[in-house]
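Hi everyone, thanks for coming. Let me put the structure up, and then I'll walk you through the parts that touch.

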Protein chains: 2
Amino acid sequence: MGVDVTTEEVLQQMRAAGGRVTAQRRAVLDALAATQPHPSVEDVAAYVQRSDPDIHLSTVYRTLNTLTEIGVVSHVHLDHGRSVYHFTHDDEPHLVCRSCSAVSHLETATFTHVRRIVADATGFDLEHGHFAWSARCPACRGEAAAAGRSEPASSHEHPAPTGAAGPADDGP
Amino acid sequence: MGVDVTTEEVLQQMRAAGGRVTAQRRAVLDALAATQPHPSVEDVAAYVQRSDPDIHLSTVYRTLNTLTEIGVVSHVHLDHGRSVYHFTHDDEPHLVCRSCSAVSHLETATFTHVRRIVADATGFDLEHGHFAWSARCPACRGEAAAAGRSEPASSHEHPAPTGAAGPADDGP
DNA sequence: ACGTTGTTGCGATCTGATCGCAACAACGAT
DNA sequence: ATCGTTGTTGCGATCAGATCGCAACAACGT
């Protein structure tokens, strides 16, 4: 993704919006920039607390919410009770593998195409964010195929903590 | 998807799977059949408890889970911490209006079309269930468009179901 | 440097969902 | 019809993700 939203830029945005620049917020932004493309709240908190263990989870939540309001980040619900965050500038529809939790996203052009199809058929105007589309990533599809059978629900169950980047990464 | 899954049929399925037929399960199935197309757990519980207040919420959850395992019903996550259930035989991708929470779904043909587009672009194989696609329903889109008009735009219920036959495309 | 006011830390709280356990009941066997 | 096995239920405890209230704290315009 080309546009680089630097931490400082965002902090200026926050200040412009009447907010204040704090070490905690700086840390959260750093975490977002440093962590994998789709960190969960816990991922962010863990990263942040590595440099300052006193930063409270609530603060991470609140900062993330603030950033969401400002429009800098968005979050996507992956599964019941789990959501991941990402900078809005790459706010494209997310695909999440239901087997391994790998996350990817749709290119804008493709999404536009799909969006029109859905609009024509239902009148609903798809939104690109907030919810992930459940899918199976190429790797897991391969496994299923190699398994010889349409894989029943048993092979791999609970996906690894969001830390584990799946086989499929989202390209630029 | 013309198959009509009657309560008794499903109960037989459960029995065949080694389970037992209880009044509570019958009640939950009745609720699913009687309630709106996309009842939440609470909806189901409320309906069930109208005829038997002693049926516990846990039982509703457990029954719903059991039915899910058997493949009779599926649930879709609408928003953080809220999911709705429906019979699997109409297990199509769900669209939920981010403004008014109206739920609709995509016809199979349309979904198939979209699915192929996404697979071509990303390699991910979309799944039809489990997650709702965030969108804006026609009613809310209209309101947005008319913003500035003198129309309060207060009441709109369920949008026109996905009756409209889209581009009857088809594919693998 | 000061005061206003947004933020933080912390624990309490809320909601959706699951779990452990003893009592209970479905249903195949007798 | 009765019995025993074993799946289910009711209930409260519990879990996890997320939010909230409040007092202490600190950013930053003046």
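The elements I'll name, helices (H or I, at least four residues) and strands (E, at least two), are DSSP runs numbered from the N terminus. Keep in mind this is a predicted model: local features need pLDDT of at least 70, side-chain atom pairs count only at pLDDT 80 or more, and totals for chains, interfaces and linings use all residues. Residues count from 1 along each chain as its sequence is written, while chains are lettered from A and ligands numbered from 1 in the order in which they are written.

Okay, strand pairing. Strand 6 of chain A runs antiparallel to strand 5 (residues 125–126) of chain B, and two bridges join them. Over there, Arg136(A) sits opposite Asp125(B).

Zooming out, how many residues does each chain bring to the contact? Chain A gives 32 residues and chain B gives 37, where contact means C-beta atoms, placed from the backbone, within 7 Å. On chain A's side, helix 5 has the largest share, eight residues.

Key
Two residues are in contact if their C-beta atoms, placed from the backbone, lie within 7 Å. Two strands pair if DSSP finds at least two bridges between them.
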